[in-house]
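Here is a short report on how chains meet in one model. Look over the sequence and the structure first.

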Protein chains: 6
Amino acid sequence: MHSVDELIKLALKEDIGSGDITTDAIVSPDLEGIGDVIAKDDFIVAGLDVARNVFDHLDPQVLFSSTFKDGDRVKNGRIVFSVRGKLASILKAERTALNFIQRLSGIATLTRTYVDRLKDSNVRIVDTRKTTPGWRGIEKYAVKIGGGYNHRMGLYDGVLIKDNHIAACGGVRIAVNTARKQIHHLVKIEVEVTDMVELAEALSAGADVIMLDNMTPDQIRQAVKKINSTALVEVSGGVNLDNLHRLAETGVDFISVGALTHSAKSVDMSMKIQNH
Amino acid sequence: MHSVDELIKLALKEDIGSGDITTDAIVSPDLEGIGDVIAKDDFIVAGLDVARNVFDHLDPQVLFSSTFKDGDRVKNGRIVFSVRGKLASILKAERTALNFIQRLSGIATLTRTYVDRLKDSNVRIVDTRKTTPGWRGIEKYAVKIGGGYNHRMGLYDGVLIKDNHIAACGGVRIAVNTARKQIHHLVKIEVEVTDMVELAEALSAGADVIMLDNMTPDQIRQAVKKINSTALVEVSGGVNLDNLHRLAETGVDFISVGALTHSAKSVDMSMKIQNH
Amino acid sequence: MHSVDELIKLALKEDIGSGDITTDAIVSPDLEGIGDVIAKDDFIVAGLDVARNVFDHLDPQVLFSSTFKDGDRVKNGRIVFSVRGKLASILKAERTALNFIQRLSGIATLTRTYVDRLKDSNVRIVDTRKTTPGWRGIEKYAVKIGGGYNHRMGLYDGVLIKDNHIAACGGVRIAVNTARKQIHHLVKIEVEVTDMVELAEALSAGADVIMLDNMTPDQIRQAVKKINSTALVEVSGGVNLDNLHRLAETGVDFISVGALTHSAKSVDMSMKIQNH
Amino acid sequence: MHSVDELIKLALKEDIGSGDITTDAIVSPDLEGIGDVIAKDDFIVAGLDVARNVFDHLDPQVLFSSTFKDGDRVKNGRIVFSVRGKLASILKAERTALNFIQRLSGIATLTRTYVDRLKDSNVRIVDTRKTTPGWRGIEKYAVKIGGGYNHRMGLYDGVLIKDNHIAACGGVRIAVNTARKQIHHLVKIEVEVTDMVELAEALSAGADVIMLDNMTPDQIRQAVKKINSTALVEVSGGVNLDNLHRLAETGVDFISVGALTHSAKSVDMSMKIQNH
Amino acid sequence: MHSVDELIKLALKEDIGSGDITTDAIVSPDLEGIGDVIAKDDFIVAGLDVARNVFDHLDPQVLFSSTFKDGDRVKNGRIVFSVRGKLASILKAERTALNFIQRLSGIATLTRTYVDRLKDSNVRIVDTRKTTPGWRGIEKYAVKIGGGYNHRMGLYDGVLIKDNHIAACGGVRIAVNTARKQIHHLVKIEVEVTDMVELAEALSAGADVIMLDNMTPDQIRQAVKKINSTALVEVSGGVNLDNLHRLAETGVDFISVGALTHSAKSVDMSMKIQNH
Amino acid sequence: MHSVDELIKLALKEDIGSGDITTDAIVSPDLEGIGDVIAKDDFIVAGLDVARNVFDHLDPQVLFSSTFKDGDRVKNGRIVFSVRGKLASILKAERTALNFIQRLSGIATLTRTYVDRLKDSNVRIVDTRKTTPGWRGIEKYAVKIGGGYNHRMGLYDGVLIKDNHIAACGGVRIAVNTARKQIHHLVKIEVEVTDMVELAEALSAGADVIMLDNMTPDQIRQAVKKINSTALVEVSGGVNLDNLHRLAETGVDFISVGALTHSAKSVDMSMKIQNH
């Protein structure tokens, strides 16, 4: 998960800038201690390694330990992790580390809620590209920790032909055929369709995956029947905890949920320092 | 707002990586068109310049226009902004631009809700350092657009002595005095207190601003009386839309609300392309 | 092709460093002129945009023009491209620009030789990851310009399970199944096999693509028969212009050729300056 | 040789990008093992430190060992180097490390062939600026490992007045005199000449080094006689293994060979993994 | 003080570039030794950690030791610090390390001279933003080591309304009021005034700090009386060692001295190597 | 002079950081005006292009004009340069631009003083590597503007064998011979000597340039006689305006003066804004 380094640097720079004037003024640079981060909520923890990296960037001498691993359920009041070392370093990195782990745990917790609703089903909950800019990799990681599956990482590792592409290139068939010629042979082609006409065209063009966009459960059921296992099927648009079960029962393979990343709330934690 | 450049580069890199294989395969590089971004919600818009910059980073030839300016209320169904230029460029930047403006507008909209509740009061709603790592500057900007006020930007431009600092350095008085000697003369000193004893000590040490942490309205009222305008007063911790009014009536100067940035949901928008 | 920017900067920095002391000393900074780059060989040109970018990085005022486009056959003695502007800028960028276009044209020319040998076949010549470090994107671009096809760009956009992976994880079946669970649903799985036993296992595990590594034409023919269109087939290892035709006749879909990028020679060009 | 760091980062980024999806999916992160890199050719090895650095960048815990040092002759079948550590790290860095060392060894091997032809002569084989962009430092290093000598590193550390400079500034004499005034007193001035008239002018202007460009052995012999040790003499242009000996016998000091870097082929190696 | 890293990298790059050709040619890479840096002047030392960092950047194996700490007075002839390790590393970093510590010690020494003149006074000597571009943080650190105090670090952490701002916005009162509304509540507002009229306006607008610009001692005394402790008072402009005492006697709180950083001379040191 | 870009970015970042809170609060972003920079001293101006670049980095719309060019003598009270554009941009870049041009003009002015003392001599005043870290290129430029000459730019473009090198490698002769074998043929070899024995050894080893370190005029005269034009001669160490003439009369070619860069004071300028 070392691709988060650049974001951690940006985050420490924006918070510390030319220096933590409070800590530098009043906390002796030699003072050592322990900081315990306490859960103020029940949640699925995600981002322990990111938090560890934040402290490590600031001061490699700070020791980080936790009885949890990403994906564990943490109860309100438990110590999520502890850091031991120079108090000045701990205080400077505290807020940035917490801001990371609180948000990532929020995403994992929300994902787990969705996943648990479909416990007895083979349908996969997948994420989208509606992630926080700069956070793509770690937010998709948090979704996996929560029990979800990832969709493509970005525009570079999967072909998804959407309405705007079709409009721009003149039809589903030509879009699929052109893509097949240009892209390398390890990438599948997914096509977004909104009705049965587009679906028929996508299937006959040989799409590997069909995305059914904003359809009703009845329309979806009809589409699944028509596809008849010749392509994988993904449902997208307007998914929430209320309609999730009904969508899953239609026989699709994947349900993608933008809210996992664009509308998760941070979970609550706070740090308590003990001097040595 | 050019400090957001580094984040925009990171965001485009993580989404596009080695190339948008769908668009590169099927959309002619010469094709031009217009993309209209439609509101799917009512919201306060924030981040128009950030969205413009995203397109500009990818292709400076794309023209961006909007009838709105940051802070305007946008109704569901309205065109938030339009871009005109190479369709390939528009399609590559679309998701990143929307991810930015949807989140920033979410923050501005939530902030406006808080601010509107205190319409007839002089109390200021202020943000915290509980921002999304990498987004400090633009999230605080969105808070201002929503009608809120900023607290310090980071650890470098304001002294806030919290419980952990006091524990680390041995008392409020020594903390304030040491800070006064070390920091330059244009920075005020704020002290976080949790009870009347700490408050008394902070006041006698000459704190410029007092933060009352997690107190009840009655305790706050008592504290305000004791402070008696010798310092500015900020309330923090556990603030929500329900208790906001009661907190504001206690006579404090500032109420800080972490939720503005750590728990805002993105507002909904989507882009529609027209070929030329 | 803007991902080459970082490499261009590195290249200009390593050549110019603290300054072109010859040009700075003896060529007046106001002097303008034209530089014509002459072909000293017959070749397929590739990298005109890269060359243009090199001049553009150094001095955006330099005008670049060419009667050719990438993929054209250029005869010995023809002007490949011309630049017009400050002579000092032209002289400083000359070597770097030529080093790029000479190598990229070398790759395109070699690829074209391979492709022309299979003119009447549907077999695709594909490249490998044996590219010059730092040059992945532009070398794969040059292969396409030469008429070849790209394999995956890197480790991030395609699954290729090789002997070392299988050794590390305990068998073909477990490797394919685990990959299927972990990777997103737009990526295919390719498995490298060296004999019929491995092939059988890979097919039964549901591999999407089979790579036949270092097999004889007879073995390949047998494997193709066994695969029977249930997976795509790639041949790899020891391919050269002599055995190319025999390999293509076996019925495979792709032949991958490392030599396209790791053993292409630069084509020859040189610049001639005219003062104004 | 730490200037290669930037190139190594670029190379790992372009190959691994958002992650090695094959290895991450199927190789346990805790699994350790050994990778042996086997020579598939006879060659002069160069770039062991670069290869070591590639593994080190990816995972500093990987141990690298070799019984060879740069410049040694390695026989087909020998283990060039071994790495020991996490298999996942070894597999991710393998291709990049090999791409570096195979190319650098190719350059050293080709250089050694040239150098061995002149074993009984004092003439030095020198490289040129016709190097792979981004690779200047390490390719020139490989030339030295092969027994060649370096010409200037770039435009910044030596004055070489070529035909285009002379055309731009109005004559050899003025070029040399102006350079002498502008450059610092530790840099020599080399002038490229194509005939006896230019040679006479360069000598009378006091050039420290003369480059004879594309002359026949007879012309070169005549020029050497005229120069009569008042300047060092370099031969350049159209040098190959066939005419090398004849050029060396003319009495020149240096023969520069662009092919050493622009047309060397990679030597062949491959890695074999053993699990623990 | 780790913000100096970028400057150290820039400095090593500009001095070493593609390599220290003298040391690389004639000093064996295995040779170890000690370098003693000898004071050639009496001075206050500042920048020992910066010098240590320079060696550390180049070669983390070099050991750095000193019997002094920043702020100590060093006598001519004493060993300021010693380094032990590879001689090649020591020789390459020597000049850069000395260039840093000689300049920083020059600033500390000059500051100490100013501070010593006001030994019996409570007036603080403060620095300005007239620092060497790139050196802001370390020059302000050297001023503190010399016994001075820092003014704001930059434009981001303090409001100082100067004549040009007032001209641009239409008056002192509106400037102060607007600033009060825009800036966060931990930042004070300082106003530069040049006469009694401006002073009156600044005071009535509620400025927290007044800067008296280029006033005579008599004018300053009159201003101090008028301010009457309702704001802090800073004197600026034309301060030197001759008029320092007279300015301090006027009753102001701070005297700012640009010369501390823009006109300090380097102190003299040189390194002596001993082989092992 | 574009190599100064990195330093300019560093300088703007350290001064502006997260924003110029004064200007952003009280100066309307649309307000335009002119800033005139007035000389408060007589000096030789240097760094007009650097100052222009500072404004250009911040806001490319700011127009920069000057009636002077680098090297001109500017009288107290004259307008050095003017900028026209957004006042906010002008105010944010002002201090950084002035800090650059004031220091560079200080160096040019001091150099001119040295150069003018030797007006009737052929001896060249040259600089040293005792420059401000990060400023090597522009400080050496300022020396040239003042009429001085440059020594080598850094460790990479000239061989200077000093006492520490000789100690490390075992003697002058072996040092010169080894260097001659390792370095490319366009670089001269300079040797630092402190007495006649070392001088004899350096001459017999074939040094191209001799540096006489810390010798008296009589010793220098004796050395020059001995060298007898077989090498160039540089004097170094303890040079000042008082002994400059005596040193120049000894017949040496170069006198190097560290004080030009390590002890120059900034000249005085200030900006005056006019609103439109």
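Which residue of chain A forms a salt bridge with B:R136? The partner is A:D15, and the closest N and O atoms are 2.8 Å apart. Keep in mind that this is a predicted model.

## Chain B against chain A

The contact draws 67 residues from chain B and 67 residues from chain A. Together the two chains bury about 5400 Å². Carbon and sulfur atoms carry 57% of that area.

Eight salt bridges link chain B and chain A. There are also 35 residue pairs in polar contact between them. On chain B, the elements that give two or more residues to the side touching chain A include α1 (5-16), α2 (21-26), α5 (136-145) and β12 (269-275). α4(B) gives the most, with nine residues. By class, this side of chain B has 29 nonpolar, 21 polar and 17 charged residues.

## Chain F against chain E

Here 66 residues of chain F touch 67 residues of chain E. The buried area is about 5400 Å², with 56% of it on carbon and sulfur atoms.

Eight salt bridges cross this interface. In one of them, E:R136 meets F:D15, at 2.8 Å from N to O. Polar contacts join 36 residue pairs. Among the elements of chain F that give two or more residues to the side touching chain E are β7 (159-161), α6 (163-169) and α7 (172-182). The largest share comes from α4(F), with nine residues. That side of chain F divides into 29 nonpolar, 20 polar and 17 charged residues.

Definitions and conventions: Residues numbered from 1 in each chain as written. Chains lettered and ligands numbered in written order. Predicted model: local features only at pLDDT ≥ 70, side-chain atom pairs only at ≥ 80, totals over all residues. Heavy atoms only, no water. Contact = heavy atoms within 4.5 Å. Buried area = accessible area lost by both parts, 1.4 Å probe. Salt bridge = Lys/Arg side-chain N within 4 Å of Asp/Glu carboxyl O. Polar contact = N/O pair within 3.5 Å; in protein donor to acceptor, adjacent residues only side chain to side chain. Helix = DSSP H or I, 4+ residues; strand = E, 2+ residues; numbered from the N terminus. Nonpolar A, V, L, I, M, F, W, Y, C, P; charged D, E, K, R; others polar.
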